Amino acid sequence: MENEKYKILLVDDDAELCALLSEFLQTDGFAVETLNSGDAAVTRLLQSDEFDTVVLDIMMPGMSGLDVLRNVRAKKQTPILMLTGRGDDIDRILGLEMGADDYLAKPCNPRELGARIRAIIRRTQNGNAPTQAVVHAQLHGIVLDSGARTALVDNTPLPLTGAEFNALSLLMERVGQTITKQEMTEEVLNRPLEAYDRAMDVHVSRIRQKLTAVGINDVIKSVRGVGYQMLTPPTQQ
Amino acid sequence: MKRSEVWHSIKQTFGFKRLFWRIFLTFWLASLLVMTATGYVLISKYTSDEYNQRYFNGVLSQAERIVWRYEQDLANGNVPKGKIKDWISHNVRHRGDLIAMQISDNTGRTIYHYRMNKVPQRDRTVKLVYGLSALPYRVETRLPEAPRIYKQVLYRFQSLQFVFIFIASAIVSALLSWGIVRPINYLGAFSRRYANQQEVATLPRAILTRGDELGDLAADISFMVNKTHQAATNQQQLLHDVSHELRAPLARLQASAAIIEQHTPDSRHVKQIHNDCVRMDALIQQILDYSKLEKGKPTPEACDINALCERIADDMAVHYPGIPLTLNCEPNVTISGYAEALHQALENIIGNACKYSSRGELVEVSTEKQNNMAVITVRDHGPGVDSDEIEKLLQPFYRAGNQMHTSGFGLGLSIAKKAIEKHGGRLQMTRPADGGLSVAIALPINQ
């Protein structure tokens, strides 16, 4: 995997930090391009599909990271990793809800940044999807096509992000079982669960919202203090 | 409330040390004193010898004139009684000046009589007057009588009206006293409110434009509060800005350290830099949290304490996998408050309990409702704290036993305390008999 150079776009208003991080990530085996403003990032991302992951600072003057996220997500599914302030729970949740793939508190150890980028790339590259074994799954009227990485309800595709698709397929694959947050985070996000980690909760709540929007209610149960469970459907006809 | 607290508040309101009562009593006593003194002066005036003397002088001079006229008439050979009365009544300034008396000569014959019939015997007194003929005449008159106005005043003092005056003076004194004390109390409440809640309200115009010393005091207090608030706000802003600005170089420092690490792996010193960066970042975060708490209050929202505790317990399970944590919740413990501040407070307290526990030592968290308060108790079985250190623990940057080796900055509990105070709640630390530390947080359910 290291032979193939993955292309990263680094967006941060701190030019010096950008230079240092790109030096680090290049040594780590990535091809890195940096931009120092939100406007430039939106223009660049809408033009091109060449980036495997975007590292996006949330706190930027002018057009903030969240604005960039909103603008890009409207048109593209390029994987995005947000850098958020340490205490900003709201920014994180907002970012994940707008479709960011993961977040990392800034300042961070660049090694951790590298690991997160790799985790995102691993799960967004089709070949490594954890649901490879299940080709077609059908539950509660949701049809999962793991080859095309799409979920269909009444033959209409459900707009899911990569993480959401992975979480939904994991839950459907292990229907009736409670999956711990630790396990889900490892399986879905390819990284260990951290303290104060709300990523999985946000992804699951987004899946629920999207399912509710197409009339499928209460199929994913929260098990307090443990994790989540996809309910076994009542005897199918 | 304890009995002593009730007693204290009664003393606060009604105590004789209060300015209200001092002013009230002073004015009231003074007005009563003035009234009593006036009464005394009036009474003593008409009972005095001087008054008596003047009265008898009047009697005697009138009697002498009558006797003189009588003797003249006698010498002229006619003695009509009525004529004397007419004459004397023409010779005094007005009729009221005629003094009641009865004059008889040495044979006992009455020569003059004016309004003595109804005077009882005990009120009569006898004087002697000598005419030009040197004959003695017996003048019988009444004892000096208080003039009408004096009598009326005296009468009022003894009557119900006096009670009214008594009450009226009390009311006037109370109003006066209240007029002074009320603005002072208002100003006191105003500055207390500022000190407790950091809310700057404007004083009402009525109190600022009084024009008296209290008005000046109000203006001064208003000025002081604004100055203090401005200073505090500036400090908060500075703290906030500095902390924020520190993060950028910290991030660069971390990135540089990581690059060095790529070139020289397993460097002890780079590891040290990384650890210190993490510590510094945590400290900056705590300072930011602390300064955020000092800022104004957002609108309170419903906070589910149990859900909050469960979430924190989940986080702790990841953070401190070796510490078993039990959660014992009474159902539906929800308060109106500020979720983020509460989360910080509980996280810091539960986090401390876990941090100071050794592997396998149980941390117990429980929630319950007690008379309009939500009470969260966090109990650990760690080393505990000396009783004299319990108070100091809540000061910023203080750590029990100054254990520099454990991670932390001593800000956690200060943040917790501030957050709890922001909710009008209390934080109490006790040392259970069987070791460890028990922290109880009581939060009002409705603020």
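Predicted model: local features only at pLDDT ≥ 70, side-chain atom pairs only at ≥ 80, totals over all residues.

Q: OK, how many residues of chain B are in contact with chain A?
A: 23 residues of chain B are in contact with 21 residues of chain A.

Q: And which helix of chain B gives the largest share of that side?
A: Helix 8 of chain B, with eleven residues. Helix 9 and helix 10 of chain B each supply at least two residues as well.

Q: What kinds of residues are on that side of chain B?
A: They split into ten nonpolar, six polar and seven charged.

Q: Switching topic: at what angle do helix 9 and helix 12 of chain B cross?
A: Their axes cross at roughly 20 degrees and come within 10 Å. Angles under 35 degrees count as roughly parallel, so helix 9 and helix 12 of chain B are roughly parallel to each other.

Q: Left-handed or right-handed crossing?
A: The crossing of helix 9 and helix 12 of chain B is left-handed. Among the residues making the contact are B:Tyr290 and B:Leu293 of helix 9 and B:Ile415 and B:Ala419 of helix 12.

Q: Now B:Val333, where does that lie?
A: B:Val333 is in the loop between strand 6 and strand 7 of chain B.

Q: Is B:Val333 buried or exposed, and why?
A: B:Val333 is buried, because 21 other C-beta atoms lie within 10 Å, and 20 or more counts as buried.

Q: What does B:Val333 touch?
A: Leaving out residues up to four places away in sequence, B:Val333 touches B:Ile305, B:Asn306, B:Thr367, B:Lys369 and B:Ala374.

Key: Residues numbered from 1 in each chain as written. Chains lettered and ligands numbered in written order. Axes fitted to C-alpha atoms, helices over the stretch in contact; angles between N-to-C directions. Helix = DSSP H or I, 4+ residues; strand = E, 2+ residues; numbered from the N terminus. Parallel < 35°, antiparallel > 145°, perpendicular 65-115°, else oblique. Left-handed = near helix turned anticlockwise from the far one by under 90°. Contact = placed C-beta atoms within 7 Å. Nonpolar A, V, L, I, M, F, W, Y, C, P; charged D, E, K, R; others polar. Buried ≥ 20, exposed ≤ 12 C-beta atoms within 10 Å, placed from the backbone.
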